[in-house]
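Hi there,

Here is the structure I promised to pass on to you. My notes on it follow below.

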Amino acid sequence: MSNIMLDDLDRELFKRGHRFVRYADDLRIFVGSERAARRVLASVTAVVEQRLKLKVNREKSKVVRASAATLLGFGLYFTRSGKIRVDPKALARWKVRIRELTSRRWSIAMDERIAKINRYMAGWMGYFQLSDASRAFRDLEEWLRRRMRQIRWKEWKRFAARRRNLLALGIPERAARERAGSSKGYWRMAGSAVLQRGLPNSYWDDLGLKMLKPTWQRLRSAR
């Protein structure tokens with residue numbers, strides 16, 4: 001419906017020689033200066049409201065630098081190679097969803113939890129595979145693994161189970177006893193050196209947990 005209703009707007013923008021991109025009712029117009037941008041915003045708003053009899057959302061319609069603009073979750077790094085970046089809001093939404101999937105209050109088997117995380121990870125990365133891998137992905141992966149470690153720590157619950165499992169993971173007796181009896185919260189324990197050593201990246205790899213960067217690399221190589 002948007003393509004039908006806004007066809008006249010597209011023709012008007014082509015006629016004026018503007019550089020623009022539109023998806024449904026989401027429109028970006030690129031000009032050379034802030035002054036020109038404000039002038040174009042006012043004139044395009046007039047076309048939409050007066051000629052097409054549609055309403056422009058004044059809160060979402062604004063003038064920003066092209067380096068800060070995003071469309072459908074994507075933005076651009078203005079380098080010589082013109083790298084594609086992920087909108088920080090999309091990264092924030094990823095964390096919200098992963099926080100739900102890694103909630104300690106959600107009683108679910110670890111293999112089932114990992115399967116659900118992997119499905120979400122594959123879909124999310126499939127959409128953003130055109131983006132360039134960055135430090136942001138590594139930070140998100142580290143945060144996810146820490147979320148997973150605190151889940152495992154809660155699953156062990158009692159001193160005896162924690163000590164036994166830490167010993168099985170190669171932690172020395174003294175350190176295993178000290179950590180098993182710790183009163184520190186789940187999040188602090190998940191970031192401790194002992195749990196990072198006992199539950200390293202390879203532990204989660206063996207359980208089949210998919211990470212952003214390897215998924216990104218696999219999708220890019222298949223293109």
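**Around E49**

Leaving out residues up to four places away in sequence, E49 touches L54, K55, V56 and R58, where contact means heavy atoms within 4.5 Å. The side chains of E49 and R58 are joined by a polar contact of 2.6 Å (a pair of N or O atoms within 3.5 Å; within protein, one must be able to donate a hydrogen and the other to accept it, and residues adjacent in sequence count only if both atoms are side-chain atoms). E49 sits in helix α3; helices (H or I, at least four residues) and strands (E, at least two) are DSSP runs, numbered from the N terminus. E49 counts as partly exposed because its relative accessibility is 25%; buried means under 20% relative accessible area, exposed over 50%, and partly exposed in between (1.4 Å probe, protein chains only).

Before you read on, please note that this is a predicted model, in which local features need pLDDT of at least 70 and side-chain atom pairs count only at pLDDT 80 or more, while totals for chains, interfaces and linings use all residues. Residues are numbered from 1 along each chain as its sequence is written, and side-chain values use heavy atoms, with hydrogens and water left out.

**The cores**

A nonpolar core is a set of buried Ala, Val, Leu, Ile, Met, Phe, Trp, Tyr and Cys residues joined through side-chain atoms within 4.5 Å. The largest one has 37 residues, and W94, W124 and L166 are among those with the most contacts inside it. Helix α6 (135-156) is one of those that supply at least two residues of this core, and α6 gives the most, with eight residues. Apart from this core lies another, of ten residues, including L9, F20, V47 and V48.

**The largest pocket**

How big is the largest pocket? Its volume is about 1,600 Å³, the space filled by probe spheres set on grid points that are joined across faces, edges and corners. On a 1 Å grid over the protein atoms alone, a pocket is an open set of points where a 1.4 Å probe fits, with protein on both sides within 12 Å along at least five of seven lines; lining residues have an atom within 4 Å of a point. Of the 43 lining residues, the closest to the centre are L27, R28, K60, S61 and K62. Helix α3 gives the most to this lining, with eight residues.

Happy reading!
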